[in-house]
There are 2 protein chains.
Amino acid sequence: MDLKPLLRESDAKIVLYVWDGLGGIPFGPEGKTELEAARTPNADRLMAEASSGLLEPVYPGVTPGSGPGHLGLFGYDPVEYQIGRGALEAVGVGFDYRQGDVAARLNFCTLDGKGNIIDRRAGRIPSEESKLVVARLQEAVRKVEGVEVHWAPVKEHRALLVLRGKDLGDGLADTDPQKEGVPPLDVVVTADTRENSRTAKIAQEALKQAMKVLASEKKANGVLARGFAKRPNWPTMEERFGVTPAVIAGTPMYRGVARLVGMEALDATNEIAKDVASMAANWDKYHYFFLHYKHTDKAGEDGNFDAKVHYIEEADAAISEIMKLAPDVLIITADHSTPCAMKGHSWHPVPALLWAKTARRDGAKKFCEKSCLQGNLGLRPSTHLMPLALAHAGRLAKFGA
Amino acid sequence: MDLKPLLRESDAKIVLYVWDGLGGIPFGPEGKTELEAARTPNADRLMAEASSGLLEPVYPGVTPGSGPGHLGLFGYDPVEYQIGRGALEAVGVGFDYRQGDVAARLNFCTLDGKGNIIDRRAGRIPSEESKLVVARLQEAVRKVEGVEVHWAPVKEHRALLVLRGKDLGDGLADTDPQKEGVPPLDVVVTADTRENSRTAKIAQEALKQAMKVLASEKKANGVLARGFAKRPNWPTMEERFGVTPAVIAGTPMYRGVARLVGMEALDATNEIAKDVASMAANWDKYHYFFLHYKHTDKAGEDGNFDAKVHYIEEADAAISEIMKLAPDVLIITADHSTPCAMKGHSWHPVPALLWAKTARRDGAKKFCEKSCLQGNLGLRPSTHLMPLALAHAGRLAKFGA
């Protein structure tokens, strides 16, 4: 439903506090989820006055990547609003990524003497080393057939390639073969257009020149490209929902997806106390804050139950500082589940807690999957969250007479 | 959502065990549903480790026929994928039903001296008698205006008519007036096209000739046609979901609907122990098994509460043999509710239990409508079941980066 005709002004503040990968399934002999095992006194106190529920990120059974998982929470249907990885990375690192640019995510890799991949992540070289490697590329490969070639470091073995020129296409397949013992793939088109064919040739040449430059490197002597993508041209959250939004996220990917919907990026470190302080310092400037907590997801991907429990408790502890800011609507939820039992993202609906004066109260005592299953928000698509947040912020007028 | 781009290989086995007409509403002084009254120790044990929920077959308040009820479970939206009864019967009896053929379901009926119907089911004549009657038609009425006319027995008073020729239409109304004391209706078109008009004339003539042949029969001296339909040309489950599917169903109708989505029909008898053995004998050949248990629905239609409870318990007892096969995903649910209190199909959502290692556990103790209402699958359309089954079988890759 288009909410634009219903939008009205409000000074209310909305905080979306995402505990990345929060949801779980039973783990170990006790059969508890991470959230059930964690002590979360602050979230539990909110639960007593909150409506809770379970949000289904993309579609039943569909496991979301980080981009789609967040877009749903922001009110953007991830099936309608699709983004390539390159686009996400480009916006995430703060690159001046313009309409028409084509970006790709790069992984440095290690090649053997025959040009076969022996490590798809170049031994996960540290960011400092990666920066030096990228600097060599920036110096050596700047233009191919009149098209500007930009290189940017991301983190560890990751980097960014951006092509800037007229009439470029992004219908290009990954050069990462997703396995070792074979050489990187050539750049081929996924749809046969003149733009794509020309761009494929240019990208291929740029990558070839890059590998020549890197030949002397011990670890990062090769490069793999994934997710070629133009910058999407989407309506902003301000246009669609009338809020001025900001993101506080220490990891480029999440800042990236937030910027694609028009959020402004505030200082962030992935240290939650500092990140809450950054939000506090900008409290008067925005209506909507997306505060991202990363460590829970990482622990889930590692299958480290105790660590995930620990990080959930750390995320919980930050709530008291957030509440001192007196938000009108505070939502705690996740972009997707990352059950330790599965060591990866999953499709399971995520717990969600919506605290506001106007919340119909569940009266639950503990924030967990089970209590959310019984909550007033029910089980529903993630895209329903944003209209609910706007309503509790007093931002939606009556529909119809 | 189109799942094709996400499909990936897996050896996991999915079993969809349908207890036909399972759902109920309170019955009698105790006010229990059939499932609440039944002892289902095997399903109850699964429930402790399963996610459960309620599935709405077609649309809120809409009572499904057997075809639509099953299509939803197979992941085919029954509103989008519509089939005439004739098409179902034709595929169900294993007739060589080709693209372009027009099929109709026939009921033999008894006519009085004036040609009025006195029994719409010809005293439910036994199948052996019906076969002889059909043999007479096969002999006598083989071609009308260059169009082949095929007759096939189904079961008891039911039979099949198939017209085969060029440019036939299936926009024809039923000739069954749905009441007694009046003659069969003429074949009329439901949409005025040249194909339909010509086919109506041919069908009318074929039925007229049939009634002449049957005039000497005591009971089956008339014939009523319903559900004229061409064979639908749908994408198969293998095309849409990447699984090789098989059906084990003793009743033609259910095999029929399963074949329309590309399932292969295995031996089936409507004796559940034998049908499970048939599945076991083919366990290595398929990824997805649709095992159909019929008797629960029949008892519901008869309004026989004790019989339905008995048959639920029989269906439950078969679970232990199924579990010996070590399926990765076992789903127990229904195509629709058939409450004894209503003596017919109903629109009420059906209980569903999904057992898999990756299930978020409800921890419920009893498989029934009430416990499913509290379950992790929530209340959702039947069409959501298939993507969930694929996810738990490890068949869906992550969506987006």
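**Disulfides.** I looked for disulfides, taking a pair of cysteine sulfur atoms within 2.5 Å as the rule, and the count over all chains is zero.

**Conventions.** I note that this is a predicted model, in which local features need pLDDT of at least 70 and side-chain atom pairs pLDDT 80 or more, while totals for chains, interfaces and linings use all residues. Residues are numbered from 1 along each chain as its sequence is written, chains are lettered from A and ligands numbered from 1 in the order written, and side-chain values use heavy atoms, without hydrogens and water.

**Confidence.** The pLDDT (the predictor's confidence in each residue, from 0 to 100) averages 96 in chain A, where 100% of the residues score at least 70. For the complex, I recorded an ipTM of 0.88 and a pTM of 0.89.

**Burial.** I call a residue buried under 20% relative accessible area, exposed over 50% and partly exposed in between (1.4 Å probe, protein chains only). Cys368(A) is buried at 8%, and Cys368(B) is buried at 7%.

**Cores.** I then looked up nonpolar cores, sets of buried Ala, Val, Leu, Ile, Met, Phe, Trp, Tyr and Cys residues joined through side-chain atoms within 4.5 Å. The largest has 98 residues, and Trp19(B), Met237(B) and Phe290(B) are among those with the most contacts inside it. Another core, apart from this one, holds 94 residues, including Tyr17(A) and Leu291(A).
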